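Work through the following exercises with the model in view, and try each task before reading its solution.

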Amino acid sequence: MDKRKGSIWLGGAAIWRTDIANLSAELLADGSGNSKGTRFEVQLDRRFSAGSFGFTPRVALQRVDRRYVDYYYGVKTAEVRRGRAQYAGKATANVEAGLRVDYALGPQHQVFLDLGTTRFGSGIKSSPLVSRANQAGVRLGYVYGF
């Protein structure tokens, strides 16, 4: 397999905050020119507080274009092997659901645990490089607020 390089993603985002929930949208393009692809995501989330804890469930829909899928999940003719057929990527939409739990250590200090799962769209699931339809993720972090 040829090496797939990571990319620097450039673009913009907007968020609409209401008393009920936050709705955000993000459009990114591959600024490195590796995949020449684009990603668009719409996310709905809401934070609930309980003392020093915060709980933020979220759901998101991410659309990735054909060039993105082809670069990261495609199989070129030269990469074909037994059990790995040629595959040209197709645009697809992924669905993500997750929960972020944060804890305020002090006025400007916060730690968080973020759990999420992504259900790949058919354009990615159909790739011979992908063995599962879902991908789980765990992030642990610290935030200092200025």
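**Exercise 1.** State how much space lies in the second largest pocket, and find which residues line this pocket.

*Solution.* The second largest pocket holds about 200 Å³ of space, where a pocket is, on a 1 Å grid over the protein atoms alone, an open set of points where a 1.4 Å probe fits, with protein on both sides within 12 Å along at least five of seven lines, and a volume is the space filled by probe spheres set on the points, which are joined across faces, edges and corners. The model is predicted, so that local features need pLDDT of at least 70 and side-chain atom pairs count only at pLDDT 80 or more, while totals for chains, interfaces and linings use all residues. Residues are numbered from 1 along each chain as its sequence is written, and side-chain values use heavy atoms, with hydrogens and water left out.

Next, list the lining residues, those with an atom within 4 Å of a point: they are Gln43, Asp45, Arg47, Thr56, Arg58, Arg100, Phe112, Asp114 and Arg139. The elements that give two or more residues to this lining are S3, S5 and S7, strands being DSSP runs of E with at least two residues and helices runs of H or I with at least four, numbered from the N terminus. Finally, sort the lining by type: one residue is nonpolar, two are polar and six are charged, with Asp, Glu, Lys and Arg counted as charged, Ala, Val, Leu, Ile, Met, Phe, Trp, Tyr, Cys and Pro as nonpolar, and the others, Gly among them, as polar.

**Exercise 2.** Describe the largest pocket by its volume and by the residues closest to its centre.

*Solution.* Begin with the volume, which is about 580 Å³ for the largest pocket. Of the 27 residues in its lining, Glu41, Gln62, Glu96, Thr118 and Arg139 are the closest to the centre. Among the elements that give two or more residues to this lining are helix H1 (66-73) and strand S5 (53-64). By type, the lining of the largest pocket divides into eleven nonpolar, nine polar and seven charged residues.

**Exercise 3.** Determine how many bridges join S5 to S3, to S4 and to S6.

*Solution.* Two strands pair if DSSP finds at least two bridges between them. S3 and S5 run antiparallel and are joined by seven bridges, and Arg39 stands opposite Val64 in S5. Three bridges join S4 (residues 48-50) to S5, again antiparallel, with Phe53 in S5 as the bridge partner of Ala50. The hairpin of S4 and S5 has two residues between the strands, and here Gly51 takes a positive phi near 65°. Lastly, twelve bridges join S5 to S6 in an antiparallel arrangement, and Val59 stands opposite Ala97 in S6.
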